[in-house]
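Subject: Structure handover

Hello,

Here is the structure to take over. Please open it first, then read the notes that follow.

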Amino acid sequence: MISPVIGSTRNTPPFRYDIVGSFLRPEELKAARSLHLQGEITDGQLHEIENTEILKLLEQEKALGLKAVTDGEFRRSWWHLDFFFGIAGTQKISLDQGRGAKEGVQRAESFRIAGKIAFGNHPMVSQFIELQRMAGDTLAKMTIPSPALFHFVQDYNGNEIYPDRETLYRDIISVYRDAIQAFYEAGCRYLQLDDTTWGTLCSGRHRAHLRSRGIDPDQLAKDYVRLINESIAGRPADMTIALHVCRGNFRSAWFAAGGYEPVAEVLFGQAEVDAFFLEYDNERSGDFAPLRFIRGQQVVLGLVTTKHGGLESKEQIIARIEEAARIVPIDQLCLSAQCGFASTEEGNILTEEEQWDKLRLIIETANEVWV
């Protein structure tokens, strides 16, 4: 025992040790997706290979002892765009160049609004149903990009369908209310909204860029909390909704830096999500002081990086948890990696063995802090 008992276990999501959601794609799946892209295997054949690899992943997640499991986003190319492409009224587009992270350039794809948007018959609902069936008695967690991100991305690409911002906001809220209800009816009780807009709004460089476009980042933060709150307002009482804040995760790269202080009062003080998954793996995320605005939500500290394979010190992780606990009560804290291991199908720059070693460290550490 490295540390005295300082917290209690938790049997509802988020759990004392948890995951953001994405996992490195196995080589078999990468090969299958390549063959599918070339037209050498059918949609059905790809789907069966995805099923096989997701089952293997679920077995590993369960064997490790995770209390909530995901499909690793194995059916997706992008953590966010695949969801956006499935919304009625959106259109996949190619960009002149990728909006790169600090190192490397992302694939030049995005989406734009081409018609009135609606949730419609979204393919990810049936994908969740399959995940839940394969997960059996273990809680299946679903991850989708947030409504704030939907607006932020489309705003860069422009649309002629919604010249009025308020009308667009109302339709985004309607899309997400329908999405939440559809996932709930499909059996989902643990939904995570992934969001890089807040990482952008923490960055001095990006805030200056927004102002150069005539956008007030502080007003945008207020608008985006409203989008999130009104989108989740009608969620059933037995459905947990978390918000994961990210600063970029394409092939281990990042695009924004800065602590949470610029958005903390609005985001932590007003967002009605049940939990925040927050990056805290290095100095880019700042200190714990902004957590003073947290109310009753759970805070999942992302103290273990997915950007590289080196293992953190258990002693240092525990020391940082105890530091955060001076601001937020220990029983409102949990532990996870700072992001997923593969926000896009390319994956981060570490091995599958290193990926699982990271999760073992998280579980072992959490079990020493919360017992």
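**Cysteines**

The disulfide count is 0, where a disulfide is a pair of cysteine sulfur atoms within 2.5 Å. C188 takes part in none. The nearest cysteine sulfur to that of C188 belongs to C334 and is 18 Å away. C188 is buried, at 0% relative accessibility. Throughout, buried means under 20% relative accessible area, exposed means over 50%, and partly exposed lies in between (1.4 Å probe, protein chains only). C339 has its closest cysteine sulfur in C246, at 3.7 Å, which is too far for a bond. C339 is also buried, with a relative accessible area of 4%.

**Ground rules**

This is a predicted model, with residues numbered from 1 along each chain as its sequence is written. Local features need pLDDT of at least 70 and side-chain atom pairs count only at pLDDT 80 or more, while totals for chains, interfaces and linings use all residues; side-chain values use heavy atoms, with hydrogens and water left out.

**Nonpolar cores**

In soluble globular proteins, nonpolar side chains tend to be buried together. A nonpolar core here is a set of buried Ala, Val, Leu, Ile, Met, Phe, Trp, Tyr and Cys residues joined through side-chain atoms within 4.5 Å. The largest one has 106 residues. Its members that touch the most others are F83, F84, F183, W198, L267, L291 and L301. Helix α6 (residues 165-185) gives the most to this core: 11 residues. Helices (H or I, at least four residues) and strands (E, at least two) are DSSP runs, numbered from the N terminus. A second, separate core has 9 residues, including F15, Y190, F277 and C334.

What does F83 contact, leaving aside neighbours within four places in sequence? The partners are F119, H122, M124, I144, P145, Y176, A179 and F183. Contact means heavy atoms within 4.5 Å.

Helix α10 (residues 261-270) has V263, A264, V266, L267 and F268 as its buried residues. They pack against α7 (197-202), α9 (217-232), β7 (240-245) and β8 (275-279).

**Pocket and cavities**

Rolling a probe the size of a water molecule over the atoms shows where empty space is left. The search uses a 1 Å grid over the protein atoms alone. A cavity is a set of points where a 1.4 Å probe fits but cannot get out. A pocket is an open set with protein on both sides within 12 Å along at least five of seven lines. Lining residues have an atom within 4 Å of a point. Grid points are joined across faces, edges and corners, and a volume is the space filled by probe spheres set on the points.

The second largest pocket has a volume of about 600 Å³. It is lined by 19 residues. R33, H36, L46, S77 and E345 lie nearest its centre. Elements giving two or more residues to this lining are α1 (27-37), α2 (43-64) and α3 (81-85). The largest share, 5 residues, comes from α1. By type, the lining of this pocket has 4 nonpolar, 5 polar and 10 charged residues. For these types, Ala, Val, Leu, Ile, Met, Phe, Trp, Tyr, Cys and Pro count as nonpolar, Asp, Glu, Lys and Arg as charged, and the others, Gly among them, as polar.

How many cavities of 30 Å³ or more are there in the whole structure? The search finds 3. The largest cavity has a volume of about 50 Å³. Its lining is D18, I19, V20, G21, S22, F23, A337, C339, G340, F341, L359 and I362. That lining divides into 8 nonpolar, 3 polar and 1 charged.

**Backbone**

Most residues other than glycine have a negative phi, and most peptide bonds are trans. Two places to check follow. P13 and P14 are joined by a cis peptide bond, with omega about -5°. P14 sits in the segment before α1. E73 is not a glycine, yet has a positive phi of about 60°. E73 is in the loop between β1 (68-69) and α3. Is E73 buried or exposed? E73 is buried, with a relative accessible area of 4%.

**Other positions**

G136 lies in the loop between α4 (123-135) and β4 (139-140). G136 is partly exposed, at 44% relative accessible area. K314 lies in helix α11 (residues 314-324) and is buried, at 17%.

Best wishes
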